[in-house]
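Please find below a short note on the structure, arranged as numbered points. Each point may be read beside the sequence and the model.

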Amino acid sequence: MSTPVEIEPSPEGVPGAVTDGSSIRAETLTYPGAEGTQVMAYLARPAAAGAHPAIVLIHEAGGLNAHIRDVADRFAQVGYVTLAPDLYTREGGPPEGDMSVIMERLFSLPDARVLGDLEGAADHLRAREDVTGKVGCVGFCVGGRMTLLFACASDRLDAAVDCWGGFIDKATFDERTTPNRPVPPLEMTADLHCPLYAAVGAEDQNPSPEMGEQLRERAAAAGREVIVEVYEGAGHAFFADYRPTYRPEPAHKLWREIVPFLARHLRTV
């Protein structure tokens, strides 16, 4: 079951801004995820007929908010059927701005369940008549970590974009592993199944530029294309235009980099 959604214009001047939503169609829907759960999601797609490549878009720690839906619209505007799952479907998203609850909720999400929900998202996209069969994944913040996990632990992806995914080398601030996060994604990168683009802010500490270099070196063993780019003048969450961390110049550069990267790997069948 799905419900149509009216397209809202993007904030003025953001990268890839949607100013006229007539070329896009959007809806909320559910799809089968891990443990038999129907996962709630937002889907944006080109209005033009025919089949298009697809993207699984993974939200930040705060959940599936208006910003992530707008980013899904931006990807739809450049030709992708974009599905943004709500990975907090079962327990509900954390209160906005309460970082202690956000981190607690974040650390409680089991990697195995997240992976099942993401594989379900990719399977749902490939089953659609308006999708070519090519599926990529883009994630921000914890969504970046989940993108790396997805790209290493599953064969469902044709390309992955990890935007400052933190905690790729440990489970929490103090623990390398937990029952919910038994293997750090950094330790899985030799099994990378698809090309990877990773963006790191020069002023970020989780992940730091040094961690980005570790990611580059380890992922090279997989024999896939791996690009790790450090963005000067930027810290964590520099693409999030609704947060004070937003940095317009690096954000526009990121968009200019990831759109061609995705096209290179998703627009050939």
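1. With which side chain does the side chain of R74 make a polar contact? The model is a predicted one, and in this model the partner is the side chain of D70, at 2.8 Å. A polar atom of the R74 side chain also lies 2.9 Å from the backbone oxygen of P15.

2. Leaving aside neighbours within four places in sequence, the residues in contact with R74 include S10, V14, G16, A17 and V18. Others in contact with R74 are H67, F239, D241 and W255, and P15 is also among its contacts.

3. Is α3 largely enclosed or largely open? Because 12 of its 16 residues are buried, the helix is largely enclosed by the rest of the structure. Among the buried residues are D111, R113, D117 and E119, as well as V114, L115, L118 and L125. The elements that cover the buried residues of α3 include the strands β2 (24-32), β3 (38-46), β4 (52-58), β5 (81-85) and β6 (131-140). Helix α4 (142-153) is also part of this cover.

4. The largest pocket has a volume of about 520 Å³. Its lining comprises 22 residues, and those nearest the centre are A61, G62, M99, I102 and R243. Two elements, α2 (99-108) and α4, each give two or more residues to this lining. The largest share, 4 residues, comes from α2. Sorted by class, the lining holds 11 nonpolar, 6 polar and 5 charged residues.

5. The second largest pocket has a volume of about 210 Å³. Of its 14 lining residues, E8, A66, R69, D70 and D73 are the closest to the centre. Helix α1 supplies the largest share of this lining, 5 residues. The classes here are 7 nonpolar, 1 polar and 6 charged. The reader will recall D70 as the residue whose side chain makes a polar contact with that of R74.

6. Some backbone details remain. As background, most peptide bonds are trans, and most residues other than glycine have a negative phi. Which residues does a cis peptide bond join? The bond lies between N206 and P207, with omega of about 10 degrees. P207 is placed in the loop between β8 (196-201) and α5 (209-219).

7. C141, in the loop between β6 and α4, is not a glycine, yet its phi is positive, near 60 degrees. With a relative accessibility of 13%, C141 counts as buried. A237 likewise is not a glycine and has a positive phi of about 60 degrees. A237 lies in the loop between β9 (226-231) and α6 (248-266), and its relative accessible area is 0%, so A237 is buried.

Terms used
Residues are numbered from 1 along each chain as its sequence is written. This is a predicted model: local features need pLDDT of at least 70, side-chain atom pairs count only at pLDDT 80 or more; totals for chains, interfaces and linings use all residues. Side-chain values use heavy atoms; hydrogens and water are left out. Buried means under 20% relative accessible area, exposed over 50%, partly exposed in between (1.4 Å probe, protein chains only). Contact means heavy atoms within 4.5 Å. A polar contact is a pair of N or O atoms within 3.5 Å; within protein, one must be able to donate a hydrogen and the other to accept it, and residues adjacent in sequence count only if both atoms are side-chain atoms. On a 1 Å grid over the protein atoms alone, a cavity is a set of points where a 1.4 Å probe fits but cannot get out, and a pocket is an open set with protein on both sides within 12 Å along at least five of seven lines; lining residues have an atom within 4 Å of a point. Grid points are joined across faces, edges and corners, and a volume is the space filled by probe spheres set on the points. Ala, Val, Leu, Ile, Met, Phe, Trp, Tyr, Cys and Pro count as nonpolar, Asp, Glu, Lys and Arg as charged, and the others, Gly among them, as polar.
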